[in-house]
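Please have the sequence and the 3D view open as you read.

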Amino acid sequence: MTKPQIRPATGAQYSRIHGVGGYRPVRVIPNAEVLEWIDSSDEWIRTRSGIAERRWAGPEESVAEMSVQAAGKAIAQAGISPEQIGGVIVATVSHLKQTPAIATQIAERLGCGNAPAFDISAACAGFGYGLGLADGMIRGGNAEYVLVIGVERLSDLTDKSDRSTAFIFGDGAGAAIVGPSDTPGIGKLIWGSDGSQADVITQTEAWDTAFAKSDAVNGVGEETKWPYLRMDGQPVFRWAVWEMAKVAQQALDAAGVTADQLGAFIPHQANMRITDAMIKALKLPESVPVARDIAETGNTSAASIPLAMERMLETGEAHSGDLALIIGFGAGLVYAAAVVTLP
Ligand code: UT7
C-alpha cells in the first residue's frame, strides 16, 4: 500500500510589499524639552545621535490605535480590502499587556475577518522578522496578503532621568501589506541573534520582579521600580557599526544587487552616526538616498523602518519600484536585513 501523501500547500512564486503606511503621534518633543529632564545640550544630542525632536504618544494614541491608523494607509496604498488579509503580524516590545496579543484586536478593528494574528518580540529587527514570516506565509500558500506592523510606545519605557536613553526613544507605527508578486520583491533575509549580549539593551527588571517589590505586594514600603529600558550605548554602537555593515553586505550579495543599484538605503533609525558608518562600510555611492528620519522621529524601534520608508516615498526621495536595502538591529541582540522592492 502506498503511504498517504500530504497535498502540498502552494502559494505565490514571489512576494513583494504592496503598500506602506505610518502613524506619527501628534505631540512633538523637541530637544529643548528633553533638557528639562536631563543634563545635556541640544548640540550634544544632535551631534551624538542626529536627533532634533521625537514624537511621544498621548493617552488616546495606544499601540492598537496607532497600528490601525498606519495599517489603514498601507491597505489603501495596496488597493486591497481588509478581508483579503490572511495574516496580521505585530512587531512590538511596548504593548504592555502580555496576553492576549494586540494583533487580534487590530485585525478585528481593521475588518480582517478571522485572519491569524500574533505579536512578535524582535525589538528593532521586528519589522524585518515580520517581513520574512510574511514572505514565507505567502509563498507557502498559507496567506494571500499579510499585514506587518511595527509599532512602539517607547515613551512608556523611557526613564526621563536617564541621560543615556531619555533623548533617544520615540513612539509611532509603521505598516506594510505584503502580497503575491510575479517578480521577486523581497530578497533573502539575512537574520540572526546574539543572546550573549542580551544585557546591553534590556528592561531593568522583569514585570514580576518589579511587582514583587511593590508596596501593594510586600507591604514593607520598598520603592516600586518601573522596568524602564536601559542601554549600554557603546557596545551596541560598536556592534551596529562593525557587525551590521557585514550583514547589510550579505543581504546585498544574497539578492545579487550592488550598492550602486539601490534606490534607497533604509537602516533602522538608531543613530545618525551608525547610519553614516554603514554608508562608508558599504561604499554606498552619494547618489543613493538614505533614510534620515531619526532627526524628527527619534528611535522608534520596530516602527522606524516602515516609517522612514513611507516618508522617503512621500517626499519623493525614493520611488515605487526602486530597490531598497533595509536593516534592523537591536535588543536581543537581533538583526534582519534584506533588499526589497519599494511599493
Ligand atoms: O535601537 C537599538 C539599537 N540602539 C543603538 O544602536 C544605539 C547605539 N548607541 C548609541 O547610539 C550611542 O552610544 C549613544 C547615542 C546612546 C551615546 O553616544 P556615545 O557617543 O556612545 O556616548 P557615550 O556614552 O560614549 O558618552 C560620551 C560622553 C561621556 O562623557 P565623558 O566620559 O566623555 O566625559 C558621557 O558622560 O558623553 C556623556 N554623555 C552625555 N552628555 C550630554 C552621555 N550622555 C549624555 C547626554 N548629554 N545625554
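Leu333 sits in the loop between strand 12 and strand 13 (334-341); helices (H or I, at least four residues) and strands (E, at least two) are DSSP runs, numbered from the N terminus. A cis peptide bond links Gly332 to Leu333, with omega about -15°. Another cis peptide bond joins Thr99 and Pro100, where omega is about 0°. Pro100 belongs to the loop between strand 4 (85-91) and helix 4 (102-110).

Ala123 is not a glycine, yet its phi is positive, at about 45°. Look for Ala123 in the loop between strand 5 (117-120) and helix 5 (126-139).

## About the model

This is a predicted model, in which local features need pLDDT of at least 70 and side-chain atom pairs count only at pLDDT 80 or more, while totals for chains, interfaces and linings use all residues. Residues are numbered from 1 along each chain as its sequence is written, and side-chain values use heavy atoms, with hydrogens and water left out.

## The shell around the ligand

The ligand is surrounded by 24 residues, and the closest are Ser40, Gln234, Asn271, Arg273 and Asn299; a residue is near a molecule if one of its heavy atoms lies within 4 Å of it. By class, this shell has 12 nonpolar, eight polar and four charged residues. Here Ala, Val, Leu, Ile, Met, Phe, Trp, Tyr, Cys and Pro count as nonpolar, Asp, Glu, Lys and Arg as charged, and the others, Gly among them, as polar.

Why does the ligand lie between domain 1 and domain 2? Both domain 1 (14-181) and domain 2 (190-197 + 228-341) give residues to the shell, so the ligand lies between them; the bounds come from an automatic or database domain assignment.

## Polar contacts and cover

Three side chains make polar contacts (pairs of N or O atoms within 3.5 Å) with oxygen atoms of the ligand: Asn299 at 2.6 Å, Asn271 at 2.7 Å and Arg48 at 2.9 Å. On its own the ligand has 960 Å² of accessible area, and the protein covers 73% of that, by the Shrake-Rupley method with a 1.4 Å probe.

Elements that give two or more residues to the shell are helix 2 (42-49), helix 8 (233-255), helix 9 (272-281) and strand 12 (323-330). Helix 8 gives the most, with four residues.

Terms used:
A polar contact is a pair of N or O atoms within 3.5 Å; within protein, one must be able to donate a hydrogen and the other to accept it, and residues adjacent in sequence count only if both atoms are side-chain atoms.
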